[in-house]
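Dear colleague,

Please find below the structure that I am handing over to you. My notes on it follow directly after.

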Amino acid sequence: MKTILQAKDVNKTFGTKGNLYTALQHISLSIEEGEFVGIMGPSGAGKFTLLNIFSTIDTPSSGEIIIDGQNIVSISEEKLSDFRRNKLGFIFQNYNLLDTLTVKENILLPLALSKVPSSEIERRVNDIADTFGIRAILEKYPYQISGGQKQRAAASRAIVANPSLILADEYDNSIQAASVGSPKISSAFSAAAVVLIIFVAIFIWYSNSFFTRKRKKEVGLYSLLSVRKKQIGRMLFYENFLMGIVALIVGIALGSVLSRFFVLILMKVMGYEAMTDFSISMAAIINTFVVFMIITLITSLQGYRLIYRFAGAHRRSEPFYPIEK
């Protein structure tokens with residue numbers, strides 16, 4: 001049977017003289033093709049350090065590591081990048097799926113980087129998706145699927161390029177948890193998205209108030225022309241609301257198109273095969289539209305309140321707008 005991984009007297013120390021910490025000491029092991037090997041031990045035993053060394057993320061202080069006939073300790077950094085992409089598959093405990101890509105695009109990413117033809121990419125992705133039972137969620141984004149589905153997608157990405165060795169960091173936790181009970185669908189918005197929504201709401205609220213106050217002269221003129229306060233308020237409310245809708249539609253359209261084209265152009269510039277056809281998540285667009293429509297409505301009502309108050313200012317002793325002399 002073919003030996004896929006062979007470690008010979010691997011040692012790893014951290015720190016400098018007088019303050020050295022030995023993470024790995026005289027580690028030797030051999031893994032044959034088709035074997036499933038688990039590395040177990042208490043916290044601090046060096047499991048993660050050993051996994052990082054096998055995955056070429058870190059280097060040993062001494063010793064040899066041979067993967068699929070290649071000594072990864074002596075290989076150059078440039079060749080190591082190609083070796084990692086072609087020979088190794090990674091399954092991370094926290095999935096490490098890219099939120100800006102669909103599940104399908106996340107899975108095919110290693111193939112696109114390896115310049116595999118589009119037809120072959122499509123075939124491999126569909127085959128691996130059927131194996132893991134995730135064909136139905138290929139066009140969804142990571143924030144739209146459950147934890148177990150994310151882990152299956154991550155496993156599919158690791159396997160789709162047929163690597164010689166797959167390295168997994170406690171990969172089965174989420175899969176087992178998902179199989180015990182019904183999966184909880186993750187929220188459509190991450191913490192970062194919530195922070196962004198709050199920031200945008202505050203910005204729109206402030207800017208709307210600022211520009212509304214700047215229109216005191218215009219509103220005062222309407223009042224002097226005997227236009228009723230309610231009519232002025234409604235007119236400017238509809239104006240702000242319609243402008244908000246137009247800005248929202250244009251923003252979503254341009255954001256969706258430009259973000260996708262940016263990824264495709266970047267792949268072309270780097271000399272890689274385009275990953276997939278142009279696609280847009282309707283669920284993401286609907287969620288964005290609903291949230292920002294609510295923000296636009298609230299800020300428009302706030303502008304209506306300010307204008308309604310300003311419209312009666314001409315009745316006070318102070319002039320509502322500057323009078324040019």
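Strand β3 (residues 62–67) is joined to β4 by 2 bridges, and the two run antiparallel. Strands here are DSSP runs of E of at least two residues, helices are DSSP runs of H or I of at least four residues, and both are numbered from the N terminus. Two strands pair if DSSP finds at least two bridges between them. I66 has N71 in β4 as its bridge partner.

This is a predicted model, in which local features need pLDDT of at least 70 and side-chain atom pairs count only at pLDDT 80 or more, whereas totals for chains, interfaces and linings use all residues. Residues are numbered from 1 along each chain as its sequence is written, and side-chain values use heavy atoms, with hydrogens and water left out.

The open sheet has 4 strands in the order β2-β1-β3-β4, with antiparallel pairing. Its edge strands are β2 (19–32) and β4, each of which pairs on one side only. Helix α1 (residues 47–54) packs on the sheet and touches β1 (3–16), β2 and β3, where contact means heavy atoms within 4.5 Å. The direction of α1 makes about 60 degrees with that of β2; axes are lines fitted to C-alpha atoms, for helices over the stretch in contact, and angles run from 0 to 180 degrees between N-to-C directions.

I72 is placed in the loop between β4 (70–71) and α2 (77–87). I72 counts as buried because its relative accessibility is 8%; buried means under 20% relative accessible area, exposed over 50%, and partly exposed in between (1.4 Å probe, protein chains only). Leaving aside neighbours within four places in sequence, I72 is in contact with I53, F54, T56, I65, I67, L80 and F83. From C-alpha to C-alpha, I72 and T59 are 8.8 Å apart in space, and they are 13 residues apart in sequence.

V250 lies in helix α9 (residues 229–269). At 43% relative accessibility, V250 counts as partly exposed.

Of its 325 residues, 35% count as buried. Among contacts with a separation of 6 or more, 71% are between residues 24 or more positions apart. The accessible surface comes to about 19,600 Å², and 61% of this belongs to carbon and sulfur atoms; accessible areas come from the Shrake-Rupley method with a 1.4 Å probe, and for residues only the protein chains shown count as cover.

With kind regards
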